[in-house]
Amino acid sequence: MTRYVMVVDLRRCIGCQTCTAACKVANGTPPGVQWRRVLDLETGSYPDVRRTFLPVSCMHCGNPPCLAACPTGATFKHEDGRVGIRYDLCIGCAYCATACPYHQRFRVTRQSFAYGSEPTPEEAYKFDSARLGVSSKCTFCSDRIDLARHTGRVPGVDPEVTPACVNSCIAGALHFGDRDDPTSNVSRLLEQNRHFRMHEELGTDPGVYYLYAEGDRT
Amino acid sequence: MSGAFPTHAALGRQPYWDWRAASNFMLGGSGAGVLVYAAVCGERVLGLLGAALIGAGLLCVWFEIGRPWRALNAYRHSATSWMSREATVAPLLFASALGAAWLDSPALRWLAAALAIAYVYCQARMLNAGRGIPAWRNPRSVPLLVASGLAEGAGLGVLAGGFWGLMAPPLWPMVLLTALLSARALAFWSYRRALPKMAVPGRALRELSRFGRVSGAVDVLAIAVAILATADPRIAPLVAASAVIAAGSGWILKYSLVIRWSYEQPYAVPVTVARGGQVAPGTRPEG
């Protein structure tokens, strides 16, 4: 089996938002919609203050609450663990958005542009009317992963078949690959580092792992 | 660092379901309650009011969804989705309510009542499956919504019966209303007690606490008035007051649950990375 996951090294992320920008360019998301972003968390009190950059996106859960909630079957799971949306089936009820504990569902009902009422050439090129009025989210750049099947290239290793955010990360904080392959980059990282997944207690089996220290597993 | 979209972890209320979605829970629950009340009282026409309320609630939702002309797709996933199940029960309920009124059939009235209970249960589970909202995923929201719907329906039933002169409120409908009001008060108390386990954001807890104090007083008042009205159902103002409170407070409760307390699940990290690679305690921004 294949289970694609993302691994985020919190020790490396510098909060530059390059992944955020790369995602917007690659997927043409409208203003106000960010399938990926980096949270900037400040904790502690002077003089012991910490700042944590926390990249968040759809967790592509193994047990996605959005899938169970969806009344149309528009939300579905690929065999390799990715969670997708069939825009042509979605009715835009946003039930999935309330079911997602990671706030990674978005719905826009009208077209909008970054600069005034006219689209930039890039926005005009990327505009997809099928995404209006329906739910949308990170797909792990599904078109690229699907390309891997036909070309034999390896997601997470070959940039052409790796999510745009991972390719763009300047700090090497983002990694993508097959967790079920013990020789994959993500399996090695998870083996060698302590990590957590967000809101595991909700039973969602999220597919995004956060590394925070060297050492065996969690 | 902040751009057009916040990079801080603060979260607010869910932005997608507004008064139209809340109306579905308010009208749908009340409508189901009216249908149950009509069956218990053997009332022929009242069930139509219940069906109309449910229809109005669904119409509100129809105006909210992003692609209304695809609404029939909502029937495609009843295997797991409580929204699909709600949609599946609705037409059966309409048919049985209409048939009960048309044929004056007690069997169809009870069938409609059973479907109404299924409908309000689907609604309650639907809200409970919204796991991104801690105040919703509290499992005790299910009995709360069911009890509230039945109490609202009984209140509206008593009101409509008195208004139309269809039925002088005899003793036992008032006893039923009193029992349902008590059940709802108990369910809300139980719901609030379970909230601390749900990681409900502080703002929602504070609002719930304020609401709880007022609502507790209203519940006591409503039950006291209903008991007084039970003692002599011919005192119309008492009957009307208990009925209005039963329906009105239920609607306020549901509106608050769907809109006002719908703070999203906060982000959380169990550990943070300190300078030099040391591990430090985590954080759970309140939002």
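Pro47 of chain A is found in the loop between strands S2 and S3 (48-57) of chain A. In this predicted model, the peptide bond leading from Tyr46(A) to Pro47(A) is cis, with omega near 5°. As a general rule, most peptide bonds are trans, and most residues other than glycine have a negative phi.

Phe140(A), in the loop between strand S7 (135-136) and helix H5 (142-151) of chain A, has a positive phi near 60°. Cys141(A) lies in the loop between S7 and H5 of chain A, and its phi is positive too, at about 50°. Phe140(A) counts as buried because its relative accessibility is 1%. Cys141(A), with a relative accessible area of 8%, is likewise buried.

How confident is the prediction for chain A? The average pLDDT of chain A is 93, and 99% of the residues score at least 70. Among the elements of chain A, strand S2 (residues 36-45) has the lowest mean pLDDT, 88, while strand S8 (residues 174-178) has the highest, 98.

Turning to the interface, 60 residues of chain A meet 53 residues of chain B. Together the two chains bury about 4,400 Å², 61% of it on carbon and sulfur atoms. Across this interface there are 0 salt bridges, but 27 residue pairs are in polar contact. Elements of chain B that each supply at least two residues to its side include helices H3 (82-103) and H4 (106-128). The biggest contribution to that side comes from S1(B), with 5 residues. By type, the chain B side divides into 30 nonpolar, 14 polar and 9 charged residues.

Notes
Residues are numbered from 1 along each chain as its sequence is written. Chains are lettered from A and ligands numbered from 1 in the order in which they are written. This is a predicted model: local features need pLDDT of at least 70, side-chain atom pairs count only at pLDDT 80 or more; totals for chains, interfaces and linings use all residues. Side-chain values use heavy atoms; hydrogens and water are left out. pLDDT is the predictor's confidence in each residue, from 0 to 100. Helices (H or I, at least four residues) and strands (E, at least two) are DSSP runs, numbered from the N terminus. Contact means heavy atoms within 4.5 Å. Buried area is the accessible area (1.4 Å probe) that two parts lose on being put together, summed over both. A salt bridge is a side-chain nitrogen of Lys or Arg within 4 Å of a carboxyl oxygen of Asp or Glu. A polar contact is a pair of N or O atoms within 3.5 Å; within protein, one must be able to donate a hydrogen and the other to accept it, and residues adjacent in sequence count only if both atoms are side-chain atoms. Ala, Val, Leu, Ile, Met, Phe, Trp, Tyr, Cys and Pro count as nonpolar, Asp, Glu, Lys and Arg as charged, and the others, Gly among them, as polar. Buried means under 20% relative accessible area, exposed over 50%, partly exposed in between (1.4 Å probe, protein chains only).
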